[in-house]
Amino acid sequence: VKVNNTGSGSIHISIRDDTLQATNAPLGSLIEVAFDIRRDQVLGLPHWAQVDHYDIIAKVVDMDTQQLRGLSGDQRKTMLQHLLEQRFHLQTHVETRTLPLLELSVAKEGIKFTEWQKPPDGQDQSKGSMNVNNEELTATGVQMESLIRFLSFITHMPVVDKTGLKGAYNLHLKWQREEEGQSSGLHDQALPSIYAALPEQLGLKLESGKGPVKVLVVDHIEQPIEN
């Protein structure tokens, strides 16, 4: 574990076979991966833990190749949790708090997308694909749960499904990333924000609310000694 002071904007985290490798990774990002939680749901990180970046290489030494191949994603995340506990002395607990969130509901004009139709027997039965390329989302046969996860990632906020839609749907959405702004010159300035794009293109709307949100509370954490 070493502090990365390069100031680079490139961040890389991978868990493969017997090795965890992180380059220029913020501690918050490592916690996100380890606990499968968004950054806005992590509370109590001190300032240094929010700004310091780390290079980490960790290897599993007590498993053979067959055991490593049999590890599930959740088991690999648990191993990363143990690393954070050992090297950063991380202690946490989970709470449910009433916090600001976003509610996704159907706009007044109604939905502007189609329900996915199951192909006849003998044809392609695949469904549930979602592709995001820059500021464009194309989805086929996805449920609202998938869109909710995507919107939580984009808005950095908990999103609650109030649409009442239970089927699988085909979606197409184009928007302008808020962090880049209309005047950045990096993207199509004619594109709306995600909040405007949803009612215009999908007939859905995001509105502010409050409700129960699962959070990970950091009780204790220490800066690691480099090795």
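Biologist: What makes strand E7 (residues 114–115) and strand E11 (residues 169–174) a pair?

Modeller: Strands pair if DSSP finds at least two bridges between them; two bridges join E7 to E11, so they count as paired, and they run antiparallel. Glu115 has Tyr169 in E11 as its bridge partner. A strand here is a DSSP run of at least two residues (a helix, H or I, at least four), numbered from the N terminus. This is a predicted model, in which local features need pLDDT of at least 70 and side-chain atom pairs count only at pLDDT 80 or more, while totals for chains, interfaces and linings use all residues. Residues are numbered from 1 along each chain as its sequence is written, and side-chain values use heavy atoms, without hydrogens and water.

Biologist: Which residues form the covered face of E11, and which the uncovered one?

Modeller: Tyr169, Leu171 and Leu173 are on the covered face, and Asn170, His172 and Lys174 on the uncovered one. E11 is also joined by five bridges to strand E9 (residues 136–142), again antiparallel, with Thr138 opposite His172.

Biologist: Why is the pair Phe113 and Tyr169 called edge-to-face?

Modeller: Rings of Phe, Tyr and Trp (its six-membered ring) pair if their centres lie within 6.5 Å; planes under 30 degrees apart count as stacked, over 60 as edge-to-face and the rest as tilted. The centres of Phe113 and Tyr169 are 5.4 Å apart and the planes stand at 85°, so the pair is edge-to-face. Phe113 is in the loop between E6 and E7 and Tyr169 in strand E11, so the pair ties together parts 56 residues apart in sequence.

Biologist: How many aromatic pairs does the structure hold?

Modeller: The structure holds three aromatic pairs. Another of them is Tyr54 and Phe88, with centres 5.2 Å apart and planes at 85°, so this pair is edge-to-face. Tyr54 lies in strand E5 (residues 53–59) and Phe88 in helix H4 (residues 73–88), 34 residues apart.

Biologist: Why does Phe88 count as buried?

Modeller: Buried means under 20% relative accessible area, exposed over 50%, and partly exposed in between (1.4 Å probe, protein chains only). Phe88 has 1% relative accessibility, so Phe88 counts as buried. Tyr54, with a relative accessible area of 1%, is buried as well.

Biologist: How do you know that strand E6 (residues 91–106) and strand E12 (residues 204–220) pair?

Modeller: DSSP gives 16 bridges, in the antiparallel sense, against the required two, so E6 and E12 pair. Pro100 stands opposite Lys210 in E12. Strand E4 (residues 42–43) pairs with E12 in the parallel sense over two bridges, and Val42 has Leu216 as its partner.
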